[in-house]
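The following note is intended for a colleague who is meeting this structure for the first time. Please read its points alongside the sequence and the model.

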Amino acid sequence: MRNTINLFKQMKVAGEPIPMVTAYDYTSAKILEEAEIPLVLVGDSLGQVVLGYETTVSVTMDDILHHAKAVIRGTQKIHVVADMPFMSYQATVVQALRNAARLMKEGGVQSVKMEGGVEVASKVNVLVNAGIPVMGHIGLTPQSVNQIGGYRIQGRNPESAKKILKDAESLVEAGVYALVLEAIPSEISKIITKSFPIPTIGIGAGSFCDGQVQVFHDLMGLFKDFVPRHAKNYGNLYDSVLLAVKDYVNDVKGNNFPTEQQIYHLSPTELAAMKGDIDLC
Ligand code: KIV
(Lines give C-alpha, C1' and ligand atoms only; values in the text may rest on other atoms or scores of the structure.)
Protein backbone atom coordinates (compact mmCIF):
# COMPACT_ATOMS: atom_id res chain seq x y z
CA MET A 1 0.00 0.00 0.00
CA ARG A 2 1.34 3.42 -0.93
CA ASN A 3 1.65 6.27 1.56
CA THR A 4 -1.63 8.12 1.92
CA ILE A 5 -2.33 11.79 2.60
CA ASN A 6 -3.01 10.86 6.25
CA LEU A 7 0.69 10.11 6.71
CA PHE A 8 1.64 13.70 5.88
CA LYS A 9 -0.88 15.10 8.37
CA GLN A 10 0.48 12.70 11.01
CA MET A 11 4.03 13.79 10.23
CA LYS A 12 3.05 17.42 10.77
CA VAL A 13 1.43 16.59 14.11
CA ALA A 14 4.52 14.61 15.16
CA GLY A 15 6.82 17.45 14.07
CA GLU A 16 8.53 15.10 11.61
CA PRO A 17 9.82 17.04 8.57
CA ILE A 18 8.51 15.83 5.18
CA PRO A 19 11.15 15.46 2.42
CA MET A 20 9.72 15.66 -1.11
CA VAL A 21 11.46 15.61 -4.51
CA THR A 22 10.28 15.82 -8.10
CA ALA A 23 10.48 12.66 -10.21
CA TYR A 24 10.02 12.25 -13.94
CA ASP A 25 11.29 8.80 -14.93
CA TYR A 26 11.50 5.13 -13.92
CA THR A 27 15.21 5.02 -13.00
CA SER A 28 15.26 8.06 -10.72
CA ALA A 29 11.93 6.99 -9.20
CA LYS A 30 13.55 3.69 -8.19
CA ILE A 31 16.40 5.58 -6.51
CA LEU A 32 13.91 7.78 -4.62
CA GLU A 33 12.00 4.67 -3.53
CA GLU A 34 15.23 3.13 -2.19
CA ALA A 35 16.03 6.40 -0.38
CA GLU A 36 12.60 6.10 1.35
CA ILE A 37 11.28 9.46 0.20
CA PRO A 38 7.61 9.43 1.32
CA LEU A 39 6.23 11.70 -1.41
CA VAL A 40 7.28 12.65 -4.96
CA LEU A 41 5.90 15.18 -7.40
CA VAL A 42 5.65 14.62 -11.15
CA GLY A 43 6.08 18.36 -11.52
CA ASP A 44 5.47 20.42 -14.63
CA SER A 45 9.09 21.54 -14.08
CA LEU A 46 9.71 18.49 -16.30
CA GLY A 47 8.92 20.87 -19.15
CA GLN A 48 12.13 22.76 -18.44
CA VAL A 49 14.54 20.18 -17.01
CA VAL A 50 13.53 17.17 -19.15
CA LEU A 51 11.81 18.51 -22.27
CA GLY A 52 13.73 21.77 -22.77
CA TYR A 53 10.70 24.10 -22.90
CA GLU A 54 11.37 27.70 -21.91
CA THR A 55 8.62 27.73 -19.24
CA THR A 56 6.10 25.29 -17.72
CA VAL A 57 3.33 26.94 -19.74
CA SER A 58 4.02 24.57 -22.68
CA VAL A 59 3.56 21.39 -20.63
CA THR A 60 0.57 19.28 -21.69
CA MET A 61 -1.60 16.66 -20.02
CA ASP A 62 0.05 14.04 -22.25
CA ASP A 63 3.52 15.13 -21.05
CA ILE A 64 2.53 14.74 -17.39
CA LEU A 65 0.72 11.44 -18.02
CA HIS A 66 3.67 9.96 -19.90
CA HIS A 67 6.10 10.74 -17.06
CA ALA A 68 3.65 9.91 -14.26
CA LYS A 69 3.25 6.39 -15.64
CA ALA A 70 7.04 5.90 -15.62
CA VAL A 71 7.31 7.15 -12.03
CA ILE A 72 4.48 4.88 -10.93
CA ARG A 73 6.24 1.88 -12.54
CA GLY A 74 9.41 2.71 -10.57
CA THR A 75 7.74 3.07 -7.14
CA GLN A 76 5.73 0.94 -4.74
CA LYS A 77 5.40 2.78 -1.43
CA ILE A 78 5.90 6.42 -2.43
CA HIS A 79 2.83 8.65 -2.72
CA VAL A 80 2.94 10.17 -6.21
CA VAL A 81 1.32 13.56 -6.78
CA ALA A 82 1.11 14.95 -10.32
CA ASP A 83 0.89 18.55 -11.46
CA MET A 84 -2.22 19.69 -13.30
CA PRO A 85 -0.56 21.54 -16.21
CA PHE A 86 -1.37 25.09 -17.30
CA MET A 87 -4.92 25.39 -18.71
CA SER A 88 -5.87 21.83 -17.76
CA TYR A 89 -8.18 23.11 -15.00
CA GLN A 90 -8.67 26.86 -15.40
CA ALA A 91 -11.51 26.80 -17.97
CA THR A 92 -14.31 24.92 -16.19
CA VAL A 93 -14.97 22.62 -13.26
CA VAL A 94 -15.80 19.83 -15.69
CA GLN A 95 -12.43 20.26 -17.41
CA ALA A 96 -10.67 20.19 -14.01
CA LEU A 97 -12.54 17.03 -12.96
CA ARG A 98 -11.86 15.24 -16.27
CA ASN A 99 -8.15 16.01 -16.27
CA ALA A 100 -7.61 15.23 -12.58
CA ALA A 101 -9.44 11.93 -13.12
CA ARG A 102 -7.17 11.14 -16.12
CA LEU A 103 -4.08 11.66 -13.96
CA MET A 104 -5.43 9.26 -11.36
CA LYS A 105 -7.02 6.63 -13.62
CA GLU A 106 -4.55 6.60 -16.55
CA GLY A 107 -1.47 7.94 -14.79
CA GLY A 108 -2.01 5.97 -11.60
CA VAL A 109 -1.09 8.84 -9.26
CA GLN A 110 -2.58 9.22 -5.79
CA SER A 111 -3.23 12.98 -5.83
CA VAL A 112 -2.94 16.11 -7.98
CA LYS A 113 -1.40 19.54 -7.46
CA MET A 114 -2.93 22.78 -8.66
CA GLU A 115 -1.31 26.21 -8.78
CA GLY A 116 -3.32 29.22 -7.63
CA GLY A 117 -5.20 30.55 -4.60
CA VAL A 118 -8.63 32.13 -4.15
CA GLU A 119 -9.31 31.91 -7.90
CA VAL A 120 -9.02 28.09 -8.00
CA ALA A 121 -10.49 27.30 -4.56
CA SER A 122 -14.01 26.46 -5.81
CA LYS A 123 -12.59 23.97 -8.34
CA VAL A 124 -10.35 22.44 -5.67
CA ASN A 125 -13.43 21.96 -3.52
CA VAL A 126 -15.31 20.13 -6.28
CA LEU A 127 -12.33 17.81 -6.89
CA VAL A 128 -11.92 17.06 -3.18
CA ASN A 129 -15.65 16.31 -2.85
CA ALA A 130 -15.31 13.96 -5.81
CA GLY A 131 -12.63 11.98 -3.92
CA ILE A 132 -9.53 13.50 -5.55
CA PRO A 133 -6.90 14.62 -3.01
CA VAL A 134 -5.53 18.03 -4.00
CA MET A 135 -2.25 19.68 -3.01
CA GLY A 136 -2.30 23.48 -3.34
CA HIS A 137 0.57 25.63 -4.63
CA ILE A 138 0.78 29.34 -3.80
CA GLY A 139 3.34 32.14 -3.62
CA LEU A 140 5.36 32.04 -6.83
CA THR A 141 3.26 30.04 -9.29
CA PRO A 142 5.46 29.42 -12.37
CA GLN A 143 2.49 28.74 -14.68
CA SER A 144 1.59 32.44 -14.24
CA VAL A 145 5.08 33.66 -15.10
CA ASN A 146 3.75 35.72 -18.01
CA GLN A 147 1.27 37.49 -15.74
CA ILE A 148 3.62 37.97 -12.77
CA GLY A 149 6.34 39.24 -15.11
CA GLY A 150 9.17 36.87 -14.11
CA TYR A 151 10.19 34.48 -11.36
CA ARG A 152 9.94 36.97 -8.47
CA ILE A 153 9.76 36.32 -4.73
CA GLN A 154 6.15 36.93 -3.66
CA GLY A 155 4.83 38.43 -0.40
CA ARG A 156 7.44 41.12 0.09
CA ASN A 157 4.89 43.91 0.74
CA PRO A 158 1.71 43.99 2.88
CA GLU A 159 -0.62 43.72 -0.11
CA SER A 160 1.16 40.70 -1.59
CA ALA A 161 1.59 39.03 1.85
CA LYS A 162 -2.14 39.50 2.60
CA LYS A 163 -3.01 37.91 -0.75
CA ILE A 164 -0.88 34.85 0.04
CA LEU A 165 -2.50 34.49 3.48
CA LYS A 166 -5.96 34.79 1.91
CA ASP A 167 -4.99 32.23 -0.77
CA ALA A 168 -3.83 29.80 1.92
CA GLU A 169 -7.04 30.26 3.92
CA SER A 170 -9.33 29.72 0.93
CA LEU A 171 -7.44 26.59 -0.19
CA VAL A 172 -7.49 25.10 3.30
CA GLU A 173 -11.25 25.77 3.44
CA ALA A 174 -11.58 24.15 0.00
CA GLY A 175 -9.98 20.98 1.39
CA VAL A 176 -6.36 20.77 0.16
CA TYR A 177 -4.38 18.11 2.05
CA ALA A 178 -1.09 20.05 1.82
CA LEU A 179 0.19 23.36 0.50
CA VAL A 180 3.34 24.05 -1.52
CA LEU A 181 4.70 27.48 -0.65
CA GLU A 182 7.09 28.69 -3.34
CA ALA A 183 9.50 31.62 -3.10
CA ILE A 184 8.01 33.56 -0.21
CA PRO A 185 9.69 35.10 2.85
CA SER A 186 10.16 32.73 5.75
CA GLU A 187 8.14 35.07 8.02
CA ILE A 188 5.02 34.54 5.87
CA SER A 189 5.43 30.76 5.55
CA LYS A 190 5.80 30.57 9.35
CA ILE A 191 2.37 32.22 9.81
CA ILE A 192 0.75 29.81 7.31
CA THR A 193 2.45 26.75 8.83
CA LYS A 194 1.33 27.70 12.33
CA SER A 195 -2.21 28.77 11.36
CA PHE A 196 -3.44 25.66 9.56
CA PRO A 197 -3.57 21.93 10.41
CA ILE A 198 -2.40 20.80 6.95
CA PRO A 199 1.32 20.38 6.11
CA THR A 200 3.15 23.16 4.28
CA ILE A 201 5.88 22.06 1.85
CA GLY A 202 8.35 24.82 1.07
CA ILE A 203 10.54 25.56 -1.91
CA GLY A 204 12.35 28.80 -1.23
CA ALA A 205 10.01 29.40 1.72
CA GLY A 206 12.42 28.93 4.62
CA SER A 207 12.79 26.41 7.40
CA PHE A 208 9.47 26.81 9.23
CA CYS A 209 7.58 24.72 6.67
CA ASP A 210 6.53 21.19 7.61
CA GLY A 211 8.40 19.81 4.61
CA GLN A 212 10.69 20.78 1.76
CA VAL A 213 10.45 20.05 -1.96
CA GLN A 214 13.25 20.36 -4.49
CA VAL A 215 13.58 19.73 -8.20
CA PHE A 216 15.54 16.46 -8.67
CA HIS A 217 17.84 17.96 -11.31
CA ASP A 218 18.73 20.88 -8.97
CA LEU A 219 19.52 18.54 -6.07
CA MET A 220 21.72 16.39 -8.30
CA GLY A 221 23.49 19.29 -10.04
CA LEU A 222 22.21 18.00 -13.37
CA PHE A 223 20.62 21.15 -14.84
CA LYS A 224 22.74 24.25 -15.31
CA ASP A 225 20.52 26.54 -17.46
CA PHE A 226 19.12 28.21 -14.34
CA VAL A 227 19.75 27.37 -10.68
CA PRO A 228 17.54 29.26 -8.18
CA ARG A 229 19.13 30.55 -4.96
CA HIS A 230 16.94 28.24 -2.87
CA ALA A 231 18.36 25.13 -4.57
CA LYS A 232 21.28 23.20 -3.09
CA ASN A 233 23.37 20.76 -5.12
CA TYR A 234 23.83 17.48 -3.25
CA GLY A 235 25.57 16.02 -6.28
CA ASN A 236 27.43 17.22 -9.35
CA LEU A 237 25.97 14.88 -11.93
CA TYR A 238 26.28 17.24 -14.90
CA ASP A 239 30.07 17.26 -14.60
CA SER A 240 30.26 13.55 -13.72
CA VAL A 241 28.16 12.58 -16.74
CA LEU A 242 30.11 14.93 -19.02
CA LEU A 243 33.38 13.37 -17.86
CA ALA A 244 32.04 9.85 -18.36
CA VAL A 245 30.82 10.61 -21.91
CA LYS A 246 34.18 12.24 -22.78
CA ASP A 247 36.03 9.17 -21.46
CA TYR A 248 33.82 6.94 -23.62
CA VAL A 249 34.43 9.08 -26.73
CA ASN A 250 38.20 8.98 -26.12
CA ASP A 251 38.14 5.22 -25.61
CA VAL A 252 36.20 4.60 -28.85
CA LYS A 253 38.44 6.98 -30.80
CA GLY A 254 41.57 5.40 -29.31
CA ASN A 255 40.33 1.84 -30.01
CA ASN A 256 40.24 1.16 -26.27
CA PHE A 257 36.53 0.22 -26.23
CA PRO A 258 35.24 -2.44 -26.34
CA THR A 259 37.74 -4.58 -24.43
CA GLU A 260 37.60 -8.39 -24.09
CA GLN A 261 35.23 -7.85 -21.15
CA GLN A 262 32.48 -6.47 -23.44
CA ILE A 263 33.01 -8.77 -26.46
CA TYR A 264 30.98 -11.92 -27.30
CA HIS A 265 32.81 -14.83 -29.01
CA LEU A 266 31.53 -17.96 -30.68
CA SER A 267 32.16 -21.13 -28.64
CA PRO A 268 34.31 -23.83 -30.33
CA THR A 269 31.09 -25.81 -31.08
CA GLU A 270 29.34 -22.75 -32.58
CA LEU A 271 32.50 -21.98 -34.54
CA ALA A 272 32.65 -25.54 -35.93
CA ALA A 273 28.96 -25.33 -36.97
CA MET A 274 29.62 -22.10 -38.86
CA LYS A 275 32.59 -23.45 -40.85
CA GLY A 276 31.58 -24.39 -44.34
CA ASP A 277 28.48 -22.10 -44.30
CA ILE A 278 30.13 -18.83 -43.45
CA ASP A 279 33.55 -17.54 -44.40
CA LEU A 280 34.88 -16.51 -40.97
CA CYS A 281 38.11 -15.04 -42.44
O1 KIV B 1 6.83 21.54 -11.00
C2 KIV B 1 7.50 21.56 -9.97
O3 KIV B 1 8.62 21.05 -9.89
C4 KIV B 1 6.91 22.22 -8.81
C5 KIV B 1 7.78 22.37 -7.61
C6 KIV B 1 8.68 23.50 -7.81
C7 KIV B 1 6.99 22.50 -6.36
O8 KIV B 1 5.80 22.65 -8.86
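**Notes on the predicted model**

1. The protein exposes about 15100 Å², of which carbon and sulfur atoms supply 56%. Such areas come from the Shrake-Rupley method with a 1.4 Å probe.

2. This is a predicted model, in which local features need pLDDT of at least 70 and side-chain atom pairs count only at pLDDT 80 or more, while totals for chains, interfaces and linings use all residues. Residues are numbered from 1 along each chain as its sequence is written, and side-chain values use heavy atoms, with hydrogens and water left out.

3. There are 12 helices and eight strands in the protein, taken as DSSP runs (helices: H or I, at least four residues; strands: E, at least two). Along the principal axes, the C-alpha atoms fill a box of roughly 85 × 40 × 35 Å.

4. Of the 281 residues, 47% count as buried (under 20% relative accessible area; exposed is over 50%, and partly exposed lies in between, with a 1.4 Å probe and protein chains only). Among contacts (heavy atoms within 4.5 Å) between residues at least 6 apart in sequence, 59% join residues at least 24 apart.

5. The count of aromatic pairs comes to one, where rings of Phe, Tyr and Trp (its six-membered ring) pair if their centres lie within 6.5 Å, and planes under 30 degrees apart count as stacked, over 60 as edge-to-face and the rest as tilted. Tyr 248 and Phe 257 form this edge-to-face pair, at 5.7 Å centre to centre with 70° between the planes. Tyr 248 is partly exposed because its relative accessibility is 47%; Phe 257, at 37%, is also partly exposed.
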